[in-house]
Amino acid sequence: MSDTIKMRPKQYIKIRGAYEHNLKGIDLDIPRDEFVVLTGLSGSGKSSLAFDTIYAEGQRRYMESLSSYARQFLGQMEKPNVEKIEGLSPAISIDQKSTNRNPRSTVGTVTEIYDYFRLLYARIGVPHCPNCGKEIRKQTVDEIVDQVLSLPQGTKIQLLAPVVRGRKGEHVKVFERAKRSGYVRVRVDGNLYELSEEIKLDKNIKHNIEIIVDRLVVKEGIERRLTDSIENVFALAEGLMVLDVIDGEPINFSQSFACPDCGISISEIEPRSFSFNNPFGACPECFGLGYKMEFDVDLMIPDKSRSLSEGAISVMGWQSSGDKGSFTNALLQALAKEFHFSMETPFEDLSQEAKDIIIYGTDKKVNVHYEGQRGKGVYPIAFEGLIRNVERKYRETGSDTIKQEYETFMRITPCKECKGMRLKKESLAVTVCDKNIYEITSMSIAKLHAFVGEMRLTPQQELIGKQILKEIRARVGFLMEVGLDYLSLARATASLSGGEAQRIRLATQIGSGLVGVCYILDEPSIGLHQRDNDKLIAALKNLRDMGNTLIVVEHDEDTMLAADHIVDIGPGAGSHGGEVVAQGTAEEIMQVKESVTGQYLSGKLQIPIPAGRKKPTGYLTIKGAEENNLKKIDVKIPTGIMTCITGVSGSGKSSLINEILYKRLARDLNRARTIPGKHKDILGIDQLDKVIDIDQSPIGRTPRSNPAT
C-alpha cells in the first residue's frame, strides 16, 4: 500500500438546459456531499431551480423506481423543463408550506416524541387515584367480594366480562365461544342480546362486547357463588370486570388497579390511554382538543353602554330586539315588566339579577304580548336565556354559513373538565418522577432536556424504560440543536411560524440518520434570532457530515459565509433573472462585480443608516401585558414612524403585537369580534383611524386568483 491515500474525486449534480419558469436554460454543476447555498434577489429563480427542477426530478426518478402498484397511491409527478440532470440522489424537501393546521397536532405528535412518552408512561408509570391522589394497586378477588357485599341488601347486580373493548369487526367467534361455554346473554354497545339469536355487527365500527356471566341479588350466603363467578369473569376478560348495578352506576373492577378508599378502579394502562386523539385517553368533555367553543357575552353584547331598546344585543336572531314589533322585543318587554327593569337603561347599569335573567334565563313563565301576521296573541314563555337560546339555534341549523356566522360570537375557552390538558383524569393521575404526562410535555424543550437527563428511576423502572428513554433523549437533543429549546411538546403546530415548522422537520430528519440523500431547504433561518443561527448552521453541517448533499435557498449572511459553495442566481428578478451570476466560495463571490449578493457580502454595497430620524407624532401605551409568557409589562410604542419589535425566538413578540395590540385595535377601531390577549389597557387608541394586519398567511388560494385581482 502506498503512503498517499487516494482522495475520491469530487462528484457533482450536473444540470444542463434548465428552463423551468424564468430560468434561461442554465447549465450548472453543484458539488455533491457539500453544504450549498442558492442565493439571489427575490424572484430571481432560486426556488425554480431548487424545488421545481432539482427536487421535482429527484423525487420523480425515485418514484419511477417503485412498482406501478405503489406509484398509483403517490400521484403522477410532472417532469420538469430541463434537458438532463446527472448525479441526482433521492431528494427530500423541507419547505415552509407543510405546517399542519390540524388542532390535534402538536410539536410532540409531529416529532413522534409524544409516542415514546405514551409508551414510557404505559410501561413504568405509577397510577394514582384520580379522586384522592393516593397510589393505587391491584385488587384481589376477596377484596372485590367484600366490596360487592357492602352494597345495600336486595340490590340486583349483573357480573359482566368485557371481552371486546373498542375494537372493529363482526366478532362472530366471540359469540360462538361464549355460547359453547354455556353463557346465555351478552351486552353489545349497551344493548342486551340472547346468544341464541343471530347478532349482526358492522365490521367498520368499534364495538364493546360484555358477556353476562351471572345475575345476583345481594344477600347473605352468596359469597361462594360470587367468588366463583368473579373468577370466571376474570378468566374470560383478562382480569377486568364490570359490576352492573340495576338502577345504579356501573362499577369497574380490575385485578390490576383500584383505590380501596374511593372504590374507584381504573382499567389497564396502555399507550392509547395517554393519546388525546383516541377515545380511550381523550377527555370526554372536549374530545381531546383541550378547549371548547363557547358563546361569549362580551361578543354578543359588545357595547354595554347601549340599552336593550337601542339594540345592545348583536348576536344573530337578536339584532331586531330593539325594534318594536319584533318577537324578541316583545319577549324582552315581558321580562322587563315581570322583573322590574327598564329597556331604556344602559346594559352595564342594569342590576345583576336583570343581567342574569337576560343571559341565563328564568324558570318562571312570563306572558309575551305579540302581534304578528297571524294576529294578536299572549304566549306564556319560560325564557331559556340568551346563551342557551343561541346554543340551541347553533346546534339545530343545517347551514354551514350560519354556523360560521354564529362562531364569530364564540370564543375558545379551556375545557372545564380537563383544564386544557386534553386527557381523562385517570390518565393524568399516572406519574413518572412525580410528574404526569401533561406536566412533562408543557415544559420548554430546554427544561425537558435537563429533566429527562436527570431522571431518578427505580432499578426496575430503569430496566424497562432504558431503550425508550434513550430515544426520547436523542430526539429532544435534536430539537435543541436546531434552536427550538423555547418550544414545548404540547404547543399546537398551528401556532408555529413557517421557519419553526421547518426546523422541527429538520430535527426529525437529523434523527432519521439517512445517508446519501439530497436535502433541499427553503430559508430555514426565517424567524430565527441571530443568537440561534449558529445552532441551525451546526445542525445543517451535521446533516452534511453524515454524507448528504444540502441545497439551501437562503438570504442570510451567516449561512452564506458558513456554506461550502454558493450559487448566485440573477442578476434581477422575474424576466431579468434566471441566470447564474456567480458561483464558488463566499470569498470568490465577493470578487465578482456583477454579483449584487457578493457586493453586499464584501461591504462594497451597503444599506445606508439614515442621518436623521422621523419624530413620533404620539404614543400607544400597552399596560400590564401578560398573554402567554409576557410578565405584566408596560410597552410604549411611538406612532407616525416605523417601529421594529425584536427579541430572541419565543420571547413574546407575537403575543404582544398580534394577540394583544392588533386584536384590541381590530375590536375597537374595526368593530371586529375578537378577544384580545390578557392586558390591563391600551392608551392612545384615539390617535388611530383603523388597523390593517399584513401577516404570512397566503393570499388567494383559488386557481382563478392572480396578482392583478
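Helix α14 (residues 437–441) supplies 3 residues, the largest share, to the lining of the largest cavity. The model is predicted, with local features requiring pLDDT of at least 70 and side-chain atom pairs pLDDT 80 or more, whereas totals for chains, interfaces and linings use all residues. Residues are numbered from 1 along each chain as its sequence is written, and side-chain values use heavy atoms, without hydrogens and water. Helices (H or I, at least four residues) and strands (E, at least two) are DSSP runs numbered from the N terminus.

In the whole structure, 2 cavities of 30 Å³ or more were found. A cavity is a set of points on a 1 Å grid over the protein atoms alone where a 1.4 Å probe fits but cannot get out, and lining residues have an atom within 4 Å of a point. The volume of the largest cavity is about 90 Å³, and its lining includes Thr 106, Tyr 114, Phe 276, Arg 422 and Tyr 438. This lining has 8 nonpolar, 2 polar and 1 charged residues (Ala, Val, Leu, Ile, Met, Phe, Trp, Tyr, Cys and Pro count as nonpolar, Asp, Glu, Lys and Arg as charged, and the others, Gly among them, as polar). The second largest cavity holds about 40 Å³. Its lining divides into 5 nonpolar, 4 polar and 2 charged residues, and the largest share, 3 residues, comes from β22.

The largest nonpolar core has 68 residues, of which Phe 117 and Leu 506 touch the most other members. Such a core is a set of buried Ala, Val, Leu, Ile, Met, Phe, Trp, Tyr and Cys residues joined through side-chain atoms within 4.5 Å. Helix α4 (residues 113–124) gives the largest share of this core, 7 residues. A separate core of 35 residues includes Leu 308, Leu 331, Ala 336 and Met 343. Beyond its neighbours within four places in sequence, Leu 506 is in contact (heavy atoms within 4.5 Å) with Ile 94, Val 482, Leu 521, Leu 536, Leu 540 and Leu 543.

In helix α6 (residues 172–180), the buried residues include Val 174, Phe 175 and Ala 178. These lie on the same side of α6 because they cover an arc of only 95° around the axis, taken from the directions from the helix axis to the C-beta atoms. Exposed Lys 173 and Arg 180 are on the face turned away from the buried side (buried is under 20% relative accessible area, exposed over 50%, with a 1.4 Å probe and protein chains only). The buried residues of α6 pack against β7 (156–168), β8 (185–188) and β10 (206–217).

How values were computed: 1 Å grid on protein atoms, 1.4 Å probe; cavity = no way out; pocket = protein on both sides within 12 Å on 5 of 7 lines; lining within 4 Å. Points joined across faces, edges and corners; volume = space filled by probe spheres on them.
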